[in-house]
Amino acid sequence: MLKLETVNELTLKVTSQGGGDVLFTKAGAFIGGECFGSKNYQFEKVLLGPQGNPLQAALGQIGRRFTGENLPLMKVINRGDNITYYANEAQHVVVYNLRQGETISVESENILAFTSDCNYGVRFLAQGVISQKGLATSTLTGMGPNAQVAVLVDGNPIVLSNMQNGSTIEADPDAVVCWIGADPGFKMDLSWKNLIGQASGESYMFEWTAGKAATVIIQPLERTSGVNIGMDGGSSGQRAQRQQNQSLGEATQSVQGTLGQLGGMLGGMFGGGNGNI
């Protein structure tokens with residue numbers, strides 16, 4: 001049994017009791033650990049994906065690479081009682097427990113860790129590409145009783161929810177980390193002022209109305225992205241710094257790399273080779 005919790009806002013503490021559990025984390029996120037006895041955990045690189053079926057893992061990897069939502073993963077195998085710690089660039093950590101069938105939509109760069117009771121995937125949004133939040137988002141869905149997710153946030157997060165009161169929530173897509181519940185609508189506020197560089201700088205928003213119940217986590221640091229539609233040369237945003245929407249050519253190359261990895265694995269399994277990648 002694994003228990004995920006936040007320590008000092010910036011660190012994820014994972015307690016393993018009994019062993020036999022697997023944790024998936026961002027590659028290289030481990031910072032320390034202790035065992036009751038000799039070391040009883042080990043790390044393995046996840047070559048394709050967390051799915052047990054190689055074909056499903058390969059298809060998932062292709063989808064994530066094509067959409068730019070790929071996350072280098074590490075598998076932590078626990079064989080007994082231990083405590084391990086994980087962090088990433090002193091970012092804040094938020095832990096969320098998913099109910100059965102509940103889905104969290106999150107940028108892949110904001111995923112720190114998740115338990116094996118979560119189904120990791122990617123899906124397309126209808127809003128299109130106008131900010132850092134592009135055509136696709138990563139998803140984690142609760143598939144068992146111990147579905148836990150650790151999310152990374154730049155700064156102390158705020159949480160907005162209309163689950164109970166049916167309020168309308170608006171949020172800058174460049175500040176949204178993740179949401180649980182309905183997908184947002186996309187609202188644009190464009191006028192002639194945009195063309196002469198006199199816009200407010202808040203021309204596009206995610207919007208959850210009363211009919212779109214959700215809980216939204218927002219960070220105080222906006223990603224630098226967006227579009228420039230002013231005629232004065234002013235910029236309403238730049239390309240995202242941490243994670244950029246990739247071109248079709250880049251996506252194709254990435255997918256070809258995944259197919260090459262899969263071919264190497266299959267060759268090692270059935271062709272008598274060593275299967276090294």
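With which residue does Glu-44 form a salt bridge? The partner of Glu-44 is Lys-75, with 3.8 Å between the closest N and O atoms. This briefing concerns a predicted model, in which local features need pLDDT of at least 70, side-chain atom pairs count only at pLDDT 80 or more, and totals for chains, interfaces and linings use all residues. Residues are numbered from 1 along each chain as its sequence is written, and side-chain values use heavy atoms, with hydrogens and water left out.

**Salt bridges**

- A salt bridge is a side-chain nitrogen of Lys or Arg within 4 Å of a carboxyl oxygen of Asp or Glu, and by this rule the count comes to three.
- Side chains of opposite charge can pair when their charged atoms come close.
- Glu-44 forms a salt bridge with Lys-75; this pair links distant parts of the chain, since Glu-44 is in strand E5 (residues 41–46) and Lys-75 in strand E6 (residues 73–78), 31 residues apart.
- Strands (E, at least two residues) and helices (H or I, at least four residues) are DSSP runs, numbered from the N terminus.
- Glu-44 has a relative accessible area of 30% and is partly exposed, and Lys-75, at 26%, also counts as partly exposed.
- Here buried means under 20% relative accessible area, exposed means over 50%, and partly exposed lies in between (1.4 Å probe, protein chains only).
- Arg-123 forms a salt bridge with Asp-183, and their closest N and O atoms are 2.6 Å apart.
- That pair also links distant parts of the chain: Arg-123 lies in strand E11 (residues 118–124), whereas Asp-183 lies in the loop between strand E16 (176–181) and strand E17 (185–188), 60 residues apart.
- Arg-123 is partly exposed at 27% relative accessibility, and Asp-183 is partly exposed at 26%.
- Glu-102 forms a salt bridge with Arg-99, with 3.4 Å between the closest N and O atoms.
- Glu-102 counts as buried because its relative accessibility is 10%, whereas Arg-99 is exposed at 56%.

**The six-stranded sheet**

- An open sheet of six strands has the order E5-E6-E3-E10-E13-E8, with antiparallel pairing.
- The edge strands are E5 and E8, each of which pairs on one side only.
- Two strands pair if DSSP finds at least two bridges between them.
- From one strand to the next, the twist averages 20°; axes are lines fitted to C-alpha atoms, for helices over the stretch in contact, and angles run from 0 to 180 degrees between N-to-C directions.
- Strand E8 is joined by six bridges to strand E13 (residues 148–153), and the two run antiparallel.
- Val-151 in E13 is the bridge partner of Val-94.

**His-92**

- His-92 is placed in strand E8 (residues 92–97) and counts as buried because its relative accessibility is 13%.
- Leaving aside neighbours within four places in sequence, His-92 is in contact (heavy atoms within 4.5 Å) with residues including Glu-9, Leu-10, Val-151 and Gly-155.
- A polar atom of the His-92 side chain lies 3.5 Å from the backbone oxygen of Gly-155.

**Cysteines**

- The structure holds zero disulfides (a disulfide being a pair of cysteine sulfur atoms within 2.5 Å).
- Cys-118 is buried, at 9% relative accessible area.
- Cys-178 is buried too, at 0% relative accessibility.

Definitions and conventions. A polar contact is a pair of N or O atoms within 3.5 Å; within protein, one must be able to donate a hydrogen and the other to accept it, and residues adjacent in sequence count only if both atoms are side-chain atoms.
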